[in-house]
Amino acid sequence: MASEANAVGGRRRLFGRVGLTALAACAAVVSVLPVLWMVSAAFKSRSTVTDGNLIPTEFTFQNFVYVFTEVPFVRYLWNSFFISAVITIAALLFHSMAAYALARLRFPGREKIFMAIFSTLLVTAPVVLIPLFIVARELGLLDSYAGLIVPAVFNAFGIFLLRQFYLGLPKELEEAAVLDGCGHWRVYWNIVLPMSRPILSALAVFFFLANWNAFVWPQVVTSDQSLTVVQLGIASFQTQYLSNWNYILAAATVAALPMLALFFTFQRQIVESIKTSGMK
């Protein structure tokens, strides 16, 4: 009887694993297929871009040549890269300092401050879009890199994730450093920050990706063509060449490939950071 029960239990676990594997495979295909179609269509001619075939029948590089010669697409890419890189670096620095203070320092109102920061996650971006625009206008940040960078630095998710990570770090190392005469700043800079490299790498991917794909705020805060980011560039490209989907998809492929490479490079750090931060 026991052996039969074990056999039945083993078959159920096997069927469960097979079912989950099949479900994961289906989800992977559904997720990857649009990307494959986009890349494939970027190498098709205008007459075959909507033929529905995944493999191009007329393979051409002229779409990419056209994108880089007829519009200032390199400028769009540089603007997105510069803005995303500055926001990412500044956010990681300030978020890690704020998270360390909320996780380790003892001061009045610490929990209330953290709850106030955490509550901003419940406020959607469209709700604060107009107030944020008014503040940026009053500060003279419109049509400038500062207007694109400064409002995007703060992110409650980064502070929350880093705080959860710091709460799981052993206090013994910090206490030993304090006994050796280190202040809070040296403990943070020389001990805590180097130990935070995995989660900082993951957050760097999140922040860079979010700001690389930013569309609404750059559209609201800028009208200068020299400040156009890549997503706005693709949108204007689509308006200008409404039926030329081969050019549009070539531009989208160029914009997507750096982010795909960044994700595949740091995918292990992303998974490990989510596990170690307590987010199951």
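## Salt bridges and pockets in a predicted model

Author: The count comes to 4 salt bridges (a side-chain nitrogen of Lys or Arg within 4 Å of a carboxyl oxygen of Asp or Glu). This is a predicted model: local features need pLDDT of at least 70, side-chain atom pairs pLDDT 80 or more, while totals for chains, interfaces and linings use all residues. Residues are numbered from 1 along each chain as its sequence is written, and side-chain values use heavy atoms, with hydrogens and water left out.

Reader: With which residue does Arg-110 form a salt bridge?

Author: With Glu-111; the closest N and O atoms are 3.2 Å apart. Arg-110 sits in helix H4, residues 110-119 (helices, H or I, of at least four residues, are DSSP runs numbered from the N terminus).

Reader: What else does the side chain of Arg-110 reach?

Author: The backbone oxygen of Leu-102, at 3.4 Å.

Reader: Which side chain meets Glu-111 in a salt bridge at 3.9 Å?

Author: That of Arg-163. This pair links distant parts of the chain: Arg-163 lies in helix H7 (residues 156-167), Glu-111 in helix H4, 52 residues apart. Arg-163 is buried, as its relative accessible area is 9%.

Reader: Where is Glu-138 in this picture, buried or exposed?

Author: Exposed, at 59%. Glu-138 pairs with Arg-137, the closest N and O atoms being 3.7 Å apart. Shared partners join Arg-110, Glu-111 and Arg-163 into one network.

Reader: How should I read a pocket?

Author: Rolling a probe the size of a water molecule over the atoms shows where empty space is left. On a 1 Å grid over the protein atoms alone, using a 1.4 Å probe, a pocket is an open set of points with protein on both sides within 12 Å along at least five of seven lines; lining residues have an atom within 4 Å of a point. The largest pocket holds about 950 Å³, a volume being the space filled by probe spheres set on the points, which are joined across faces, edges and corners.

Reader: Which helix gives the most to the lining of the largest pocket?

Author: H5, with 5 residues. The lining has 29 residues; Ala-125, Leu-132, Pro-151, Ala-152 and Phe-154 lie nearest the centre.

Definitions and conventions. Helices (H or I, at least four residues) and strands (E, at least two) are DSSP runs, numbered from the N terminus. A polar contact is a pair of N or O atoms within 3.5 Å; within protein, one must be able to donate a hydrogen and the other to accept it, and residues adjacent in sequence count only if both atoms are side-chain atoms. Buried means under 20% relative accessible area, exposed over 50%, partly exposed in between (1.4 Å probe, protein chains only).
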